[in-house]
Amino acid sequence: MVRALLFDLDDTLLDDRGAMADAVLLLRQRHRLAPDIADDVLAEHWDRVGRDLWRRMERGELDLNGQRRERMRRVFDAGLSDNDADALVADYLEAYARSWRLLPGALDLLQATAHLPRAAVTNGHEPQALRKLEHTGIHAHFDVVLTPQRSGTRKPDPRMFRQALDLLGVAPAEAAMIGDNAEADIAPAQALGMATFHLDARESGRRPADALDWIRRRALPVS
Ligand SMILES: [Mg+2]
């Protein structure tokens, strides 16, 4: 029986992919960058480069600013100076923050599970992760918000999951992890003996509303 829930944030509760796409298309329009590339191709390229650089940052090969500059260079112009890249990054981040929104069904999922202890466990940079929670109005849903800065570890390190479980006061077998990343969210939680829901908002049967149905079957009674 599930007595507590751990949630990933980006692309699990927040439409991060959509926010990134909106922001990069606005950036391109404002600065007349890459005018010949179709919207969906640019958004997909931006997403893929971002995920690749994020993995390099997690391996310690780049810091956060280096990763952001490199993304501008790889997508728009390899010859961008640090200053020009930083100006684009600042503009992008502003547009990105204004595009933050929840995935369809995410608010219902949180409201319907309000009787359970819940933790947000994210690899996002803490100041930004907290701003996302505030901006989307869901901060109050979490008893615990765990980021790499607070934890000293990052997913998929099982210690980060254990910390969240300890803070909620439950054993792994009493908790479920809901996340979109097979490596970072699902595999380590399963290895600890937690129940898992591998969410993918783009796929029928794996959306936030499906996660709620899944939780309802495992954590009775649910409103
Ligand atoms: Mg995620």
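1. Leu-116 sits in the loop between α5 (106–112) and β2 (118–121). Helices here are DSSP runs of H or I with at least four residues, strands are E runs with at least two, and numbering starts at the N terminus. This is a predicted model: local features need pLDDT of at least 70, side-chain atom pairs count only at pLDDT 80 or more, and totals for chains, interfaces and linings use all residues. Residues are numbered from 1 along each chain as its sequence is written, and side-chain values use heavy atoms, with hydrogens and water left out.

2. Is Leu-116 buried or exposed? Leu-116 is buried, at a relative accessible area of 9%. Buried means under 20% relative accessible area, exposed means over 50%, and partly exposed lies in between (1.4 Å probe, protein chains only). Setting aside neighbours within four places in sequence, Leu-116 contacts Val-2, Arg-3, Ala-4, Leu-5, Asp-143, Ile-215 and Ala-219. Contact means heavy atoms within 4.5 Å. His-141 is 25 residues from Leu-116 in sequence, and their C-alpha atoms are 9.7 Å apart.

3. Next, the domains. The protein chain splits into domain 1 (4–15 + 101–218) and domain 2 (16–98). These bounds come from an automatic or database domain assignment. The C-alpha centres of the two domains lie 26 Å apart.

4. Now the interface between them. Twelve residues of domain 1 are in contact with 14 residues of domain 2. Together the domains bury about 1,100 Å², with 39% of it on carbon and sulfur atoms. Asp-11, Asp-15 and Arg-101 supply 36% of the area that domain 1 buries against domain 2, more than any other three residues. Buried area is the accessible area (1.4 Å probe) that two parts lose on being put together, summed over both.

5. Polar links also cross this interface. The rule finds five salt bridges between domain 1 and domain 2. A salt bridge is a side-chain nitrogen of Lys or Arg within 4 Å of a carboxyl oxygen of Asp or Glu. Twelve residue pairs, both at pLDDT 80 or more, are in polar contact between the domains. A polar contact is a pair of N or O atoms within 3.5 Å; within protein, one must be able to donate a hydrogen and the other to accept it, and residues adjacent in sequence count only if both atoms are side-chain atoms.

6. Asp-16 deserves a look. Asp-16 belongs to helix α1 (residues 16–31). Asp-16 is buried, with a relative accessible area of 7%. Not counting residues up to four places away in sequence, Asp-16 touches Asp-10, Asp-11, Tyr-96 and Lys-132.

7. Which residue forms a salt bridge with Asp-16? Lys-132 does, with the closest N and O atoms 3.3 Å apart. This pair joins distant parts of the chain: Lys-132 is in helix α6 (residues 126–135), Asp-16 is in helix α1, and they are 116 residues apart. Both Lys-132 and Asp-16 are buried.

8. By the same rule, the count comes to 25 salt bridges. Glu-58 pairs with Arg-154, the closest N and O atoms being 2.8 Å apart. Glu-58 is in helix α2 (residues 39–58), and Arg-154 is in the loop between α7 (148–151) and α8 (158–168), 96 residues apart. Glu-58 is partly exposed, with a relative accessible area of 31%. Arg-154 is partly exposed too, at 25%.

9. Arg-202 and Asp-200 meet through their side chains in a salt bridge (3.2 Å, N to O). Arg-202 is exposed, with a relative accessible area of 57%. Asp-200 is buried, at 14%. Elsewhere, a network of salt bridges links Asp-11, Arg-17, Asp-47 and Arg-51.

10. Last, the packing. The largest nonpolar core has 49 residues. A nonpolar core is a set of buried Ala, Val, Leu, Ile, Met, Phe, Trp, Tyr and Cys residues joined through side-chain atoms within 4.5 Å. Leu-13, Met-72, Phe-76, Tyr-92 and Phe-142 have the most contacts inside the largest core. Helix α4 (residues 82–98) gives the most to this core, with six residues. Domain 1 and domain 2 each give this core at least three residues.

11. Leu-13 is in contact with Phe-7, Asp-8, Leu-102, Leu-103, Ala-106, Leu-109, Leu-110, Ile-138 and Phe-142, leaving aside neighbours within four places in sequence. A second, separate core of 17 residues includes Leu-6, Ala-119, Val-144 and Ala-164.
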